Amino acid sequence: YLLAAWIAGVVLLSARLLLSLLGVQWLKQGRCDVGGELAAAARTLARRLGLRLIPRLYACERVCESVAVGLIWPAILLPASWLAEMPPRVLEAVLAHELAHIRRWDLWVNLLQRVVETLLFYHPAVWWVSRRLCLEREMCCDELAVAATGQRVGYVTVLELVGRKRLAATQPEFGAAIGGSKMALLSRVRNVLG
């Protein structure tokens with residue numbers, strides 16, 4: 001019975017992983033190239049972060065926050081509305097954060113993390129370590145983004161602005177998930193400010 005329960009759990013979580021991969025492909029289909037000054041800023045930030053391969057930058061109407069995607073050929077997807085609403089310095093800070101994820105190979109680490117969660121789903125320590133790893137990963141990328149932009153206080157302002165956008169886009173029935181996000185954001189702000 002234990003083996004059957006483990007197999008059922010692995011199958012369910014494998015389906016979650018497969019749906020996530022299909023979701024990334026769906027996101028990639030609804031994108032368009034971003035050029036101009038923002039693309040030039042992304043190239044400059046990528047060089048500051050030591051990236052040899054500069055990821056492509058896309059606007060996408062299917063995302064509500066910036067995201068780095070692609071294991072082999074990474075790309076950054078920005079919400080299309082952000083290009084019109086946010087000032088360039090805010091977008092540069094967001095790009096620096098996403099580029100830091102790519103520099104640290106976080107997309108691969110995230111995949112490995114999901115595989116471990118799938119195989120060892122029954123152990124509470126795996127889920128605790130996974131949550132902690134996500135927070136630490138974000139904090140490390142915040143530090144790299146601050147180093148690349150040179151704006152510690154400005155970066156915290158960007159975190160606050162992006163956090164407000166995330167809260168505004170959240171539906172009321174998902175209220176339980178917001179608390180964790182607020183606490184993670186507060187931890188990140190404290191980390192950036194020292």
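Modeller: Gladly. This is a predicted model. Start with a contact between two helices: Asp106, Val109, Asn110, Gln113, Arg114, Val116 and Glu117 in H5 meet Val126, Trp127, Ser130, Leu133, Cys134, Arg137 and Cys141 in H6.

Colleague: What classes do the residues of the contact of H5 with H6 divide into?

Modeller: Seven are nonpolar, three polar and four charged.

Colleague: At what angle do helix H5 and helix H6 pack?

Modeller: Angles over 145 degrees count as roughly antiparallel. H5 (residues 106–119) and H6 (residues 124–149) pack at about 170 degrees, and their axes are 10 Å apart. H5 and H6 are therefore roughly antiparallel.

Colleague: How do H1 and H5 pack?

Modeller: Helix H1 (residues 2–29) packs with H5 at an angle of about 155 degrees, with the axes 8 Å apart. That makes this pair roughly antiparallel too. H1 brings Trp6, Val10, Leu13, Ser14, Arg16 and Leu17 to the contact. H5 brings Leu111, Arg114, Val115, Glu117, Thr118 and Leu119. By class, that is seven nonpolar, two polar and three charged residues.

Colleague: Now a single residue. Is histidine 97 buried or exposed?

Modeller: Buried means under 20% relative accessible area. Histidine 97 has 7% relative accessibility, so it counts as buried. Find histidine 97 in helix H4, residues 88–103.

Colleague: Which residues is histidine 97 in contact with, leaving aside neighbours within four places in sequence?

Modeller: Glu138, Cys141, Asp142, Ala145, Tyr155 and Arg188.

Colleague: And which side chain does a polar contact join to that of histidine 97?

Modeller: That of histidine 101, at 3.1 Å.

Note on methods
Residues are numbered from 1 along each chain as its sequence is written. This is a predicted model: local features need pLDDT of at least 70, side-chain atom pairs count only at pLDDT 80 or more; totals for chains, interfaces and linings use all residues. Side-chain values use heavy atoms; hydrogens and water are left out. Helices (H or I, at least four residues) and strands (E, at least two) are DSSP runs, numbered from the N terminus. Buried means under 20% relative accessible area, exposed over 50%, partly exposed in between (1.4 Å probe, protein chains only). A polar contact is a pair of N or O atoms within 3.5 Å; within protein, one must be able to donate a hydrogen and the other to accept it, and residues adjacent in sequence count only if both atoms are side-chain atoms. Contact means heavy atoms within 4.5 Å. Axes are lines fitted to C-alpha atoms, for helices over the stretch in contact, and angles run from 0 to 180 degrees between N-to-C directions. Angles under 35 degrees count as roughly parallel, over 145 as roughly antiparallel, 65 to 115 as roughly perpendicular and the rest as oblique. Ala, Val, Leu, Ile, Met, Phe, Trp, Tyr, Cys and Pro count as nonpolar, Asp, Glu, Lys and Arg as charged, and the others, Gly among them, as polar.
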